[in-house]
Each structure stands twice: as C-alpha cells, then as structure tokens.
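Please keep the sequence and the structure in view while reading.

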Amino acid sequence: MRKSVFTAIVAAAEAAGLDAAAVYEGAPERPGAAPDTRIEVHWLDENLVRTRRLLGWRLTKDKGYYRRTKQRFVREMPARVLVMSRDREQAEALANGLLAQLPSWTVDQDNCRVGLTANKAAVKGLDTHGVPTRQDKELALHLVASGMIVRLEDCPVITDCTAAMTIAGGDDGDEEKLRYRLAP
C-alpha cells in the first residue's frame, strides 16, 4: 500500500509542475545536494482495526469450489508530506497544486482500493508574527491512506446432502431417509 500511495503522490507532484526526482520518501541522503523546491514524504505509524466482514464470493471455473473474499483488517496509514521551498508563495502554490492533482483513491498491489484524504496543513518556518525564522519554508500536509487487508478462501460447494426425519404420527418411530439434490 505504501508503494502505490507514494506513486500517486509522485504523479500528483509531476502534474503540479515538480520534477519526479524532487520527491523523496523520507529525508534525502545528502540534504545539501537536494533541490531547493522538493517534497518529502514521511510515513507515520499505521492504525489497524480488526474486522470480520465478508466482501463477496464467486464460483470457480470448475464449479467445485467457490472463493470467498473476507476483510480481515482496516488499515490507516498516515503520512506527513513536507512541501519545501525558499519562497512561501511557491510552497503554497505547489501544495495547492499537489492537493488538486492528488486522486481520491488508488489501487494497491493486492487490487484493494486505497482512499487518500488530506486532513490538515501547517506552515513552518515562520514565527507567530509571520517573520521568517529560517531560510526554508515548509508546508506540512497530513495525508491518510485507508485501505484493507483481505484473505481469500476456497470453500467446497455442497452438491447433495442426506437428512434424517421422523414422520409425525408414526407409532413405531421409523425414520425415513430423504435425499436432497442441490443444483451446483
């Protein structure tokens, strides 16, 4: 899920006018060699909530089994996206362009839908009166990627069953076997 979300962030940054090489996952190895205008994506701790929900089922090709898809966990992965620039207006324009181009959902490697939402933004590099304290201006966006962890189960199809039933009104209590045939 992390790879697909980072790919969506890189695509949104390219559409907003930033080079893909200026988007880093974490801090760059050599900060002095990094471009002045860049985006850093820092992953925070994941939140997992256990669920037991049946998402769907379908028959297999040989029709002897059906495959159930069960949701096991709801997964929320927050990320702090730092938009860095030497100019505050450029940082705000890039952040607004990134949010405008960011898709509302993407698909991860397990073909599960991953929703992307932006929760809040914070400006760093200015004190309480708006006076610059550092040369770099940072705009921190807090994104949350929410997806799920699923499990696929193959279950055999029951094609016939035998049930024992007591016929009402019988004095001797004989049981009569009934055979049911279920359509595959």
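The paragraphs below treat the nonpolar core, a loop glycine, a surface patch, the cysteines and the salt bridges in turn.

The model is predicted, so that local features need pLDDT of at least 70 and side-chain atom pairs count only at pLDDT 80 or more, whereas totals for chains, interfaces and linings use all residues. Residues are numbered from 1 along each chain as its sequence is written, and side-chain values use heavy atoms, with hydrogens and water left out.

**Core.** A nonpolar core is here a set of buried Ala, Val, Leu, Ile, Met, Phe, Trp, Tyr and Cys residues joined through side-chain atoms within 4.5 Å; buried stands for under 20% relative accessible area, exposed for over 50%, and partly exposed for what lies in between (1.4 Å probe, protein chains only). The largest such core has 28 residues, of which Val5, Ile39, Val41 and Val81 touch the most other members. Two or more residues each come from helix 1 (2–15), strand 2 (38–43), strand 4 (65–85), helix 2 (88–101), strand 6 (113–124) and strand 7 (137–156), and helix 1 gives the most, with 7 residues. These elements are DSSP runs numbered from the N terminus, helices being H or I of at least four residues and strands E of at least two. With contact taken as heavy atoms within 4.5 Å, and residues up to four places away in sequence not counted, Val81 touches Ile9, Ile39, Glu40, Val41, Leu98, Leu139, Ala140, Leu141 and Leu143.

**A loop glycine.** Gly26 lies in the loop between strand 1 (23–25) and strand 2, and is buried at a relative accessible area of 16%. Apart from neighbours within four places in sequence, Gly26 is in contact with Glu40, Val41 and His42. The C-alpha atoms of Gly26 and Leu82 are 9.6 Å apart in space, although 56 residues separate the two in sequence.

On the surface, Leu54, Trp57 and Leu59 form a nonpolar patch with about 330 Å² of accessible area together. Trp57, which is placed in strand 3 (residues 47–59), counts as exposed at 57% relative accessibility. Patches are made of residues with over 30% relative accessible area and no salt bridge, like charges being joined within 9 Å and nonpolar side chains (Val, Leu, Ile, Met, Phe, Trp, Tyr) within 5 Å. The structure holds 0 disulfides, a disulfide being a pair of cysteine sulfur atoms within 2.5 Å. Cys112 is buried at 8% relative accessibility, and Cys155 is buried at 12%.

**Salt bridges.** The whole structure has 8 salt bridges, each defined by a side-chain nitrogen of Lys or Arg within 4 Å of a carboxyl oxygen of Asp or Glu. The table lists three of them.

| Pair | N to O distance |
|---|---|
| Glu153 and Arg68 | 2.6 Å |
| Glu153 and Lys70 | 3.8 Å |
| Arg88 and Glu92 | 3.1 Å |

Because Glu153 lies in strand 7 and Arg68 in strand 4, their pair ties together parts that are 85 residues apart in sequence. Glu153 is buried, with a relative accessible area of 16%, whereas Arg68 is partly exposed at 23% and Lys70 is partly exposed at 22%. Arg68, Lys70, Arg151 and Glu153 are linked in a network of salt bridges. Arg88 and Glu92 are separated by about one helical turn, because they are 4 residues apart in helix 2; Arg88 is partly exposed at 33%, and Glu92 is partly exposed at 30%.

Notes:
Areas by Shrake-Rupley, 256 points an atom, 1.4 Å probe, with all protein chains shown as cover.
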